[in-house]
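Trainee: I have a chain open on the screen and would like to go through it. Can we take it feature by feature?

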Amino acid sequence: MDKTVFVLILTSCIGFAYSDNSTTTAPDDAWKQTGICRKCSCKDVKVDCFDQSLVDYFSKDEWNLLKDLKPEVVDLSENLFRNVTVMAELPIRVLNLSRCSIEFIENGSFKDLQKMTTLDLSHNKLTTEKLSPHAFEGRYSPEEFEPLSSMRTLSLAYNDLHSLNQDLFEHLPELTELDLSGNPLTTIDHVTLIAISSLAMLKVLRMRSCELTEVPEKFLHTPRFLEHLDLSDNKLTAVPQELEETKNLIFLNLNQNPIVELDATSEKYPGFPRLRKLQELHMCNMKRLTRIGPSALAGLENIQKLHISFNPKLTVIDPKALARPDDIGETYDWPIVKELYLQSNNLSEIDSRLVSRWDLLEKIDVSNNPFLCDCTTQWMVDMLVPTIEAKTLNSSQKMICNEPVEMKGFTFYHLHAGHRTMRCVDKYGHRPERDGAMLIGTLIGVLLAVPIMFCIMMLVRRGHLSCLGLRGQDVSRAFYKRAPADENYI
């Protein structure tokens, strides 16, 4: 056979083989050529469309081309589409639609995402009127109803929801975490109460910055599994007594609320109700909080982490704030606190009786308070500083004396290192160091006044102040008047 002919035949065979191979492998990579993957990054099991300036939501047919990719995480955040439409059946577990200016969600948009566990719709423009319960409906047929039973986490934070449709979550029976933060709810009305109460399996509820002034009765009665509650940055003026309904609450955040004080005997500013399982409490950045009275925290029987920091007006925490009296009131029990944060308040002292066992604390921070360094805080220098230093080296250098003046600027670290013994103020609370300046001033005033008065008297006596109407020789006569000569004058 001619060599030229042989080469042509061989080339044809190779070309045919290559052509055949490409036709068999092309379908496996077809999803790479879809409109979605041309605009986004499709890698492993993730579709990343973050901040791609997308204006139109992808169609169901476009989503359907991703079946071979089998995406589990889809990030569509920071885009510009306003409407969400129906998606194809995909094994998506996490869908991020945050910060997209979304105003409307088509009915049944997620019905074929039966494996979806997390849906983030935060920072959009959803309103009460446009957010329908049908947006979250699952598959439905006359024979069978399939809710989105895999859904566990839903964020509707920072939208424009003034209220919630009472049936909004009827298709999410297993939802355990709900974020409503940043919505202008103002009050929890009856339909909103029904909507949230319908979530029997709810464990985490976030309602930060919702402009709430109160927590209504029975609001927390149905979600009996609730463990984590965030009510921070609202307008609550007192600790909600409805918290007692949360029998399994572990974490509570009340930061940035305008609560003035906590007093177990006050109706206006009551302390905490009995929360037997609560382990962590946050009460920080409360600009109006001034005082925590006796037994105000007594209902927190198992508290382990206590955050009461950055409260600029908080001057008093009663020694028995955490103490729980027995039925007779003769003895008290304290919880075993493991972490205590009291930094950056306005505390002049911390009483040794506040915690039952300081040595059992695993973390502690009481820095940046205007401490009064006298015999009442001597225990802090002798006992608390070693405990603090054992946890974090040199941390007691941020514990600084503010009073009395001769101690101002001293750190507890150096007082402990120098074995300094601090004096006591008198029983009336007087500060001799403050009185000293006044006494010296008075003494100087007296010493100056005597020679000045003597000089004035001498000047008057000698007539040197006659220009002021004072003449020395007439001074005695000014007070003397001759009696009349009439004998009948009485």
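Trainee: Where is Glu211 found?
Mentor: Glu211 is in the loop between strand 12 and strand 13 (228–230). Helices (H or I, at least four residues) and strands (E, at least two) are DSSP runs, numbered from the N terminus. Residues are numbered from 1 along each chain as its sequence is written, and this is a predicted model, in which local features need pLDDT of at least 70, side-chain atom pairs count only at pLDDT 80 or more, and totals for chains, interfaces and linings use all residues. Side-chain values use heavy atoms, with hydrogens and water left out.

Trainee: What is the phi of Glu211?
Mentor: Glu211 has a positive phi of about 60°, although it is not a glycine. Glu211 is partly exposed, with a relative accessible area of 37%. Buried means under 20% relative accessible area, exposed over 50%, and partly exposed in between (1.4 Å probe, protein chains only).

Trainee: And which phi does Asn285 have?
Mentor: A positive one of about 55°, and Asn285 is not a glycine either. Asn285 sits in the loop between strand 16 and strand 17 (291–292). Its relative accessibility of 40% makes Asn285 partly exposed.

Trainee: What kind of peptide bond joins Glu403 and Pro404?
Mentor: A cis bond, with omega about -10°. Pro404 lies in the loop between strand 25 (401–403) and helix 6 (412–417).

Trainee: Stepping back, how many helices and strands are in the chain?
Mentor: Seven helices and 25 strands. Of the 490 residues, 42% are buried. Contact means heavy atoms within 4.5 Å. Among contacts with a separation of 6 or more, 61% are between residues 24 or more positions apart.

Trainee: Which residues form a nonpolar patch on the surface?
Mentor: Ile440, Ile444, Leu448, Ile452, Met453 and Ile456, with about 570 Å² of accessible area together. Patches are made of residues with over 30% relative accessible area and no salt bridge; like charges are joined within 9 Å, and nonpolar side chains (Val, Leu, Ile, Met, Phe, Trp, Tyr) within 5 Å. Ile440 belongs to helix 7 (residues 432–461). Ile440 counts as exposed because its relative accessibility is 53%.

Trainee: Now salt bridges. How many are there?
Mentor: The count comes to 13 salt bridges, a salt bridge being a side-chain nitrogen of Lys or Arg within 4 Å of a carboxyl oxygen of Asp or Glu. One of them joins Arg274 and Glu301, at 2.2 Å from N to O. Arg274 is in the loop between strand 15 and strand 16, and Glu301 is in the loop between strand 17 and strand 18 (305–307), so the pair ties together parts 27 residues apart in sequence.

Trainee: Is Glu301 buried or exposed?
Mentor: Glu301 counts as buried, at 16% relative accessibility. Arg274 is partly exposed at 44%.

Trainee: Which residues are linked in a network of salt bridges?
Mentor: Glu89, Asp112, Arg139 and Glu146. Within that group, Arg139 and Glu146 have their closest N and O atoms 4.0 Å apart. Arg139 is partly exposed at 23% relative accessibility, and Glu146 is partly exposed at 25%.

Trainee: Back to the interior. Which residues of helix 4 are buried?
Mentor: In helix 4 (residues 190–197), they are Thr192, Leu193, Ala195, Ile196 and Ser197. They pack against strand 12 (204–206).

Trainee: Where does Ser181 lie?
Mentor: In the loop between strand 11 (177–179) and helix 4. Ser181 is buried, with a relative accessible area of 5%. Leaving aside neighbours within four places in sequence, Ser181 is in contact with Ala157, Tyr158, Arg206, Met207, Arg208 and Cys210.

Methods
Areas by Shrake-Rupley, 256 points an atom, 1.4 Å probe, with all protein chains shown as cover.
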